[in-house]
Amino acid sequence: MNLYNIIFTGSEQALGAAQAMLAEAIEKNGKEHKVAFPDTAYSLPCIYAATGQKMNTLGDLEGALEVVKSLINRTHLLEHAFNAGLATALAAEVIEALKYSTMDAPYSEPCAGHITDPIIRSLGVPLVTGDIPGVAVVLGECPDAESAAKVIKDYQSKGLLTFLVGKVIDQAIEAGVKMGLELRVIPLGYDVTSVIHVVSVAVRAALIFGGLTPGDLNGLLEYTANRVPAFVNAFGPLSELVVSAGAGAIALGFPVITDQTVLEVPMNLLTQKDYDKIVATSLEARGIKIKVTEIPIPVSFAAAFEGERIRKSDMFAEFGGNRTEALGACC
């Protein structure tokens with residue numbers, strides 16, 4: 001199966017899953033059942049930005065899936081492959097919205113799921129000033145927990161905002177990686193479709209900060225490509241759904257770097273099997289330049305740790321205070 005067919009198969013799988021889930025939800029709750037993500041004025045963000053149509057009920061989602069279906073056109077044109085990737089993204093948003101509309105708690109610790117509007121607004125200034133120089137999406141499963149931690153901590157030390165999707169979340173936990181918004185490492189969820197929550201962040205950034213007119217798809221793609229410094233690391237075996245989601249990321253201007261052997265597309269789809277070079281390859285592909293001064297201390301340090309309290313179990317050495325002897329000099 002060639003790359004185009006893999007992308008189209010993945011988008012058809014996403015559409016089929018969304019259709020089945022929606023049909024079940026309508027049968028149980030009716031077409032007038034409300035659908036929304038919490039704490040956002042944009043319902044549903046990706047569909048709203050792409051089509052200009054707000055989704056308020058399960059019945060509205062039927063129309064959204066018709067849009068998804070129209071984007072899947074099996075040809076060997078690159079444009080159609082990218083459209084199929086966007087179709088996968090919109091189908092994923094429908095699936096995730098159905099989770100929130102039909103389940104009491106679609107996500108639980110450590111996973112965040114949907115990122116609210118207030119959080120996105122709080123990230124606006126550091127993204128504009130470069131305090132957050134980029135956004136990394138780490139998806140799938142690394143060969144081992146140590147490799148996962150190495151990549152994640154490297155992004156963290158460089159100040160990037162890092163989102164985790166899939167088994168890499170468990171690997172990060174196993175390796176003792178500290179996670180949370182304040183530490184700029186956010187586990188989204190275990191399903192591939194949960195990656196739409198980081199896409200939603202980029203889309204709402206365009207709506208909130210970029211003055212994007214809802215329904216201006218070309219304007220959206222231009223904004224995300226030029227103004228949102230994001231990229232994707234896809235680790236482990238690549239399913240059709242993951243490849244199709246990757247096509248959607250590339251359509252948005254976000255390069256995909258994987259540890260698997262793929263037919264490379266220069267600066268858009270790259271293979272990097274050496275985990276010591278994953279971070280450098282990813283930053284170069286997205287054009288993110290970061291100058292970091294290495295300081296030979298035995299602990300991690302970065303802007304992400306600003307204001308963090310150090311617990312006793314994590315203490316390397318302690319000077320002064322009321323637990324150790326110390327000398328003071330007066331002039």
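This report walks through the sheet, the aromatic pairs and the cysteines of a predicted model.

## Ground rules

Since the model is predicted, local features need pLDDT of at least 70 and side-chain atom pairs count only at pLDDT 80 or more, while totals for chains, interfaces and linings use all residues. Residues are numbered from 1 along each chain as its sequence is written, and side-chain values use heavy atoms, with hydrogens and water left out.

## The sheet

Let's start with the strands. Six of them make an open sheet, ordered 3-2-1-4-5-6, with parallel pairing. Strands here are DSSP E runs of at least two residues, helices are H or I runs of at least four, and both are numbered from the N terminus; two strands pair if DSSP finds at least two bridges between them. At the edges sit strand 3 (185–189) and strand 6 (269–271), each pairing on one side only. On average, neighbouring strands of this sheet are turned by 20 degrees against each other, direction ignored.

Zooming in, strand 4 (residues 230–235) pairs with strand 5 (residues 256–258) in the parallel sense over three bridges. Ala234 stands opposite Thr258 in strand 5.

## Helices across the strands

Helix 10 (residues 240–251) lies across strand 1 (135–140), strand 4, strand 5 and strand 6, and runs at about 145 degrees to strand 5. Helix 11 (residues 278–286) lies across strand 4, strand 5 and strand 6, at about 140 degrees to strand 4.

Contact means heavy atoms within 4.5 Å. Axes are lines fitted to C-alpha atoms, for helices over the stretch in contact, and angles run from 0 to 180 degrees between N-to-C directions.

## Aromatic pairs

The structure holds five aromatic pairs (Phe, Tyr or six-membered Trp rings with centres within 6.5 Å; planes under 30 degrees apart are stacked, over 60 edge-to-face, the rest tilted). One of them is Phe37 with Tyr100, edge-to-face at 5.5 Å centre to centre and 80 degrees between the planes. Phe37 is in the loop between helix 1 (3–29) and helix 2 (45–51), and Tyr100 is in helix 4 (residues 78–102), so this pair ties together parts 63 residues apart in sequence.

Both Phe37 and Tyr100 are buried (under 20% relative accessible area; exposed is over 50%, partly exposed in between, with a 1.4 Å probe and protein chains only). Together with Tyr107, Phe37 and Tyr100 form one aromatic cluster.

## Cysteines

The disulfide count is zero, taking a disulfide as a pair of cysteine sulfur atoms within 2.5 Å. Cys111 is buried at 11% relative accessible area, and Cys142 is buried at 3%.
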